[in-house]
Amino acid sequence: MGAASGHLLAGALPVMSVAQEAEHEVAWESLFAPDIGLAIWTLLTFLTLLFILGRFAWKPLLGALDAREKGIQDNIDEARNQREEAEKLLARHREQLAEGRRQAQAVVAETRAAAETLRKELEARAREETQAMLANARREIERERKAAVEAVRTEAVDVALAIASRLLGERLDADRDRQLVASYIDDLTESEGALA
Amino acid sequence: MTNAYQEHGAAQEAHAGEFDLGEMLGHHILNSTEYELPFIGPVHLPHWPELAVGGLTIDVSPTKHVILLLLGALITAAFSILAGQRVARAAAGRAPSGLANAIEAVVVYFRDDLCKGYIGHGYQRFVPLVLTLFFFILTMNLLGLVPWGGSATGNIVVTGTLALVTFVVVEVSGFLSLGFRGYLRTIFFVPPGVTGAMKYVVLAVMTPVEFMGKFLKPFALAIRLFANMTAGHVLIFSVLGFIFLFGNYAYIRWLIAAGSYGLVSAILLLEVLIAFIQAYVFAMLTAAFIGLIRHPH
């Protein structure tokens, strides 16, 4: 049958008629020959190849791929962990910063309050001192004025007595006259109030 | 079993000047006891004494497809091991290079989207198998597009043996993860809700279907890869053959040659795509079958 198909192919074309007469025939039946020897060769070759490649090609290759994939995964995991860690740190730093700022503000406020208190205290003390000094001065002035008035009054009595004795031509008894004049002046003072 | 493969070299010499398209196709597609090397010509492969195993005599002499099989394995091993070392080095801090990146991208896709996606829990054990299937089949497919090359995957015995590996892995992993009773349920299955006499009807109908399905899946796997590779090569060499078929016609032969050249270039690009797709489909379906039996219904 195989040989016939070969001739069929040849017969389809006119030039082939010459070749058809050739003695030799193509062994087409060997196309489907159950060649056990070749099967054994194939099996042995394939199994050997499978063993050798499995050991020297696929094992290192797949191992390297696995290792690289694992490495990449590890890197990703590590990066994620580090980012989380960094975020945590950042949050803590922010918190600490805010805390510090709050504390600083508290310190400033406290200081300001203390300064204010101090200022008020000093002011009050200063005012008190001023008041005291003023009061002192006033008292001094009053005292001086009173002394002055007394002096003027004494001098006035003497002057008045002198004038009066000269006018009356007689010497008045010193003490009695003095009292008289003083009372006179007192009356005068009460009625006029100018020298009071 | 004695080797019935023809030897084309001698035949070609004897019929120089004449062109036989069928012979050319057979020469490029069928297995052979000789391998044609560039500049040297056909090299006879050694014939080893046949092995007698319990009534069977097995010829394990190297053939063209055995050479291509081994060459494919060597290239796959060289590239994969190199890429494995480079990726391992890249993971250790060195900048990865082009080859390592390309194979790494494929490996990651197969691991995550196919194995993890289809097989689920415990998928790690199956990743090397799926990867080896893909790169080995891909290399053998691509070897068929190289001058003086050929596709071992264009041989049904090679694809059938690879499918057998898939079949064994699928059934054994199913048995191991489901246990004896669970595994039996992948053959004798009654959908929940079916009771009474219907149960036996369903069993009678479904058991042969389920049982055949176990073998049909890898069978389809083997046929699909073999047929795709063989069809691609038949197409390429047929279109190339037009050049020689019309070689005796004046003028028109130049037109035919130019047309064939353009068409074959386009088909070759398509074949590169198919080489990738078929290798991917084989590996993907292997992962899917493993996933299916471990998570039944």
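Hi everyone, let's start with one residue: B:V168 is partly exposed, because its relative accessible area is 41%, and partly exposed means between 20% (buried is under that) and 50% (exposed is over that), with a 1.4 Å probe and protein chains only. This is a predicted model, where local features need pLDDT of at least 70, side-chain atom pairs count only at pLDDT 80 or more, and totals for chains, interfaces and linings use all residues. Residues are numbered from 1 along each chain as written, chains are lettered from A in the order written, and side-chain values use heavy atoms, without hydrogens or water.

B:V168 sits in helix α6 of chain B, residues 156-184. Helices here are DSSP runs (H or I, at least four residues), numbered from the N terminus. B:V168 also belongs to a nonpolar surface patch of about 760 Å², with B:L164 and B:F175 among the other members. Patch residues have over 30% relative accessible area and no salt bridge, and their nonpolar side chains are joined within 5 Å.

Now, how do chains A and B meet? Chain B brings 63 residues to the contact and chain A brings 45, where contact means heavy atoms within 4.5 Å. Together they bury about 4,900 Å², 78% of it on carbon and sulfur atoms; that is accessible area (1.4 Å probe) lost on being put together, summed over both.

Look at B:V107: beyond neighbours within four places in sequence, its contacts include A:W58, A:L61 and B:L131.

Finally, 3 salt bridges link the two chains, a salt bridge being a Lys or Arg side-chain nitrogen within 4 Å of an Asp or Glu carboxyl oxygen. A:E69 and B:R111 form a salt bridge at 2.8 Å, N to O.

Terms used: Patches are made of residues with over 30% relative accessible area and no salt bridge: like charges are joined within 9 Å, nonpolar side chains (Val, Leu, Ile, Met, Phe, Trp, Tyr) within 5 Å. Accessible areas come from the Shrake-Rupley method with a 1.4 Å probe; for residues, only the protein chains shown count as cover. Helices (H or I, at least four residues) and strands (E, at least two) are DSSP runs, numbered from the N terminus. Buried area is the accessible area (1.4 Å probe) that two parts lose on being put together, summed over both.
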